[in-house]
Amino acid sequence: MTRKLPSALEHVHEIAIRGRQLAVFLDYDGTLTPIVNRPEKALLSDSMREAVRALAARVPVAILSGRDLDDVRQRVNIDAIAYAGCHGFDIAGPLGLRKQVATECLPILDAAEKELRQKLAGIPGELVDRKRFSVAAHYRNVDENHVERVERIVNEVAARHRELRKIENKKVYELQPDIDWNKGRALIWLLESLGLDRKEVFPIYIGDDRTDEDAFGAIRQRGAGILLSEQPRATGASYSLKNPSEVECFLRKLVACLPAGADS
Ligand SMILES: [Mg+2]
């Protein structure tokens, strides 16, 4: 359903007092950092890091990203929180928390990566990015006239490897293991593994992209999704924010609203 969502900034207090305990799950690119032309340039600002750190000192926080686990962990650089990389396929956290999904698909991803690199090599601006549990074909810097060719090649490679599926995010096609796993499943797994799968826990998920819809859907009945979007779109989220600056503002206000003694 496409409708205008209420701004999370105007409902911070109401969100903060839902449930006796909050748990906050955050996407990285486009949520904690603005979208940039080259993915390696998406750096977390010091002030955003401080906002996330301050929140993590009060309530459980985890980051769920399409990036490789080590990549997102280094970029956020906050100890004592959980991270899910590769759209939730590769999870690690404090106290030995660890889960890897579909390791048997790694050789298939190796083969798909090789094929994509060969076939896409002639397209100016095309960037193939191998992550542990996916291969991404970024076309943000590809001329519009060539985008169709990129997609056709990705489709061909996907068709050759039935164990993989194509997913789409902002200006990127990605091949990942075609199994029943996504950011939503990873979020639920984190809730269970962190002892947060309880009625009094109110999970919040903030994200901007299509894969984030799986996470919005997973907590729709018991928590709140917050979508970053300039325009209304079909979403399972309940609230909206406009950009990463608003996310930072929201996180700071959320900490300020937490009732005394709510520390976990
Ligand atoms: Mg994102």
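Two strands count as paired if DSSP finds at least two bridges between them, and strands themselves are DSSP runs (E, at least two residues), just as helices are H or I runs of at least four, both numbered from the N terminus. The model looked at here is predicted, with local features needing pLDDT of at least 70 and side-chain atom pairs counted only at pLDDT 80 or more, while totals for chains, interfaces and linings use all residues. Residues are numbered from 1 along each chain as its sequence is written, and side-chain values rest on heavy atoms, with hydrogens and water left out.

On these terms, Lys-131 sits opposite Ser-134 of β7. Five bridges join β6 to β7 (residues 134-138), in the antiparallel sense. Both strands belong to an open, antiparallel sheet of four, ordered β6-β7-β9-β8. The edges go to β6 (127-131) and β8 (164-169); each has a single partner strand, so one side of each is left without a neighbour in the sheet. Neighbouring strands are turned by 20° against each other on average, direction ignored; axes here are lines fitted to C-alpha atoms, for helices over the stretch in contact, and angles run from 0 to 180 degrees between N-to-C directions.

Helix α4 (residues 106-120) lies across β6, β7, β8 and β9 (172-177), and runs at about 170° to β6. Helix α5 (residues 144-160) also packs on the sheet, where it touches β7, β8 and β9, and its direction makes about 5° with that of β9. Contact means heavy atoms within 4.5 Å.

As for nonpolar cores (buried Ala, Val, Leu, Ile, Met, Phe, Trp, Tyr and Cys residues joined through side-chain atoms within 4.5 Å), the largest has 50 residues, and Phe-25, Leu-64 and Leu-190 have the most contacts inside it. At least three of its residues come from each of domain 1 (2-101 + 181-257) and domain 2 (103-177), with bounds taken from an automatic or database domain assignment. Leaving aside residues up to four places away in sequence, Leu-190 touches Phe-25, Ala-62, Leu-64, Ala-82, Ile-91 and Leu-97. A second, separate core of 39 residues includes Leu-22 and Tyr-239.

Then there is the magnesium ion, whose protein donors are Asp-27 (OD), Asp-29 (O) and Asp-208 (OD), at 2.1 to 2.2 Å. Donors are N, O and S atoms within 2.8 Å of the metal (3.2 Å for Na, K and Ca), and sites may look incomplete because water is not among the atoms. Asp-27 counts as buried at 5% relative accessibility, and Asp-208 does at 1%; buried means under 20% relative accessible area, exposed over 50%, and partly exposed in between (1.4 Å probe, protein chains only).
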